[in-house]
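Here is a friendly walk through some labels and the numbers behind them.

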Amino acid sequence: MSTRPYGFQTPEELNIHNHICILPFGEYGSETLEYEWSMEELRPYQFYLVNNEPVDRMFTSFIFNAYEGRKGYSIHPMYASFEQLAQKEDWDFILDRYFTKGYNFDALSLNTPFAQYTDVWITIPYPLTFQENFGMINGRFYNFKSPADRLDAVKWWIDAFLARWNSSFHLHDKLRLKGFVWQRGTIPKEDEELVKASVQYVRSKQLLSMWLPYLNGYGCYDITSFEFDVASASANYYGNTEISSEYIMHVTNYAKYHRTGVQMIAGKGPTFNATHITDYIDGASTYEYDKALIVCDFANQNLRDLYYSNPSLYQSLYSFLKR
């Protein structure tokens with residue numbers, strides 16, 4: 001039985017901004033990889049635009065979720081079987097890209113208004129167990145069939161990221177690094193000890209750990225054993241699959257029992273219908289997760305495109321965020 005109090009997890013208890021937006025970083029399948037989030041591309045995410053002019057802040061918290069390093073080398077576990085396996089070179093690649101001058105973190109900071117903050121979260125690259133030739137760290141070759149090598153690689157990457165972040169003083173006035181996100185939405189048996197050790201390592205850095213579990217996925221009902229500080233659960237509801245909108249009710253019941261937040265998906269493509277995001281927005285009132293911690297995922301689309309192609313939906317999202 002869960003030892004957490006009953007009810008949704010809220011951002012206030014964690015001192016974090018609500019309505020966290022996922023930014024794909026090197027998105028699988030796109031012709032132009034989103035390595036370079038410019039100030040202009042981030043404007044419709046950070047600001048509510050009317051006639052292309054900012055009138056209010058939109059999202060104030062972002063997860064940078066890495067999909068690829070070099071083109072064709074998958075970091076995200078969901079696409080590993082379709083591409084080459086990521087190596088140390090790819091983990092280094094995305095680390096460098098995060099800190100590209102004028103883009104990504106820098107652009108997020110430059111867009112943030114004076115005397116205000118934007119929260120930043122980073123996914124930890126996932127060490128795939130069938131990667132036997134990851135590369136060399138500190139003079140030794142790493143093989144992810146070894147549990148020890150997987151954990152050492154995660155720790156190495158966290159340390160490498162923090163070294164770059166801590167030396168990037170120009171970002172610290174506007175951006176707050178809140179923590180790291182475990183990238184895989186399920187936790188199978190072979191990952192359990194790795195996840196627990198990774199969470200503790202993040203905590204030792206005085207940062208928060210987050211997980212975005214899939215409802216009914218591996219590990220979701222054992223979530224308290226992993227001791228994540230933050231979690232937001234997905235109903236897996238997209239509109240054009242066998243999973244109905246009723247699963248929004250199911251995920252809110254899960255979230256209240258296990259004390260997590262809720263994910264909202266605003267996607268584009270054959271698995272998404274025209275009303276799924278409206279179902280999520282309406283569900284917030286019906287199931288009372290308006291004030292819960294909410295993570296938004298704009299799967300397969302860019303808010304800039306949504307702003308131009310469907311301004312009424314863009315306005316509805318803003319109205320929801322400001323409830």
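A255 lies in helix α7, which covers residues 246–258; helices here are DSSP runs of H or I with at least four residues, strands are runs of E with at least two, and both are numbered from the N terminus. This is a predicted model, where local features need pLDDT of at least 70, side-chain atom pairs count only at pLDDT 80 or more, and totals for chains, interfaces and linings use all residues. Residues are numbered from 1 along each chain as its sequence is written, and side-chain values use heavy atoms, with hydrogens and water left out.

Q: Why is A255 called buried?
A: Buried means under 20% relative accessible area, with exposed over 50% and partly exposed in between (1.4 Å probe, protein chains only). A255 has a relative accessible area of 0%, so A255 is buried.

Q: Which residues does A255 touch, not counting residues up to four places away in sequence?
A: They are G7, F8, T260, G261 and V262, where contact means heavy atoms within 4.5 Å.

Q: How do you know that C21 is in no disulfide?
A: A disulfide is a pair of cysteine sulfur atoms within 2.5 Å. A search of the whole structure finds zero disulfides. For C21, the nearest cysteine sulfur is that of C296, 6.6 Å away.

Q: What makes C21 and C220 buried or exposed?
A: The relative accessible area decides. C21 has 0%, so C21 is buried; C220 has 1%, so C220 is buried.

Q: Why does N236 count as buried?
A: N236 sits in the loop between β12 (230–233) and α7. Its relative accessible area is 13%, so N236 is buried.

Q: What does the side chain of N236 reach, and how do you know that this is a polar contact?
A: The side chain of N236 reaches the backbone oxygen of L215 at 3.3 Å. A polar contact is a pair of N or O atoms within 3.5 Å; within protein, one must be able to donate a hydrogen and the other to accept it, and residues adjacent in sequence count only if both atoms are side-chain atoms. N236 also touches Y214, T241 and I243, among others.

Q: What classes make up the lining of the largest pocket?
A: The lining has 17 nonpolar, nine polar and three charged residues. Ala, Val, Leu, Ile, Met, Phe, Trp, Tyr, Cys and Pro count as nonpolar, Asp, Glu, Lys and Arg as charged, and the others, Gly among them, as polar.
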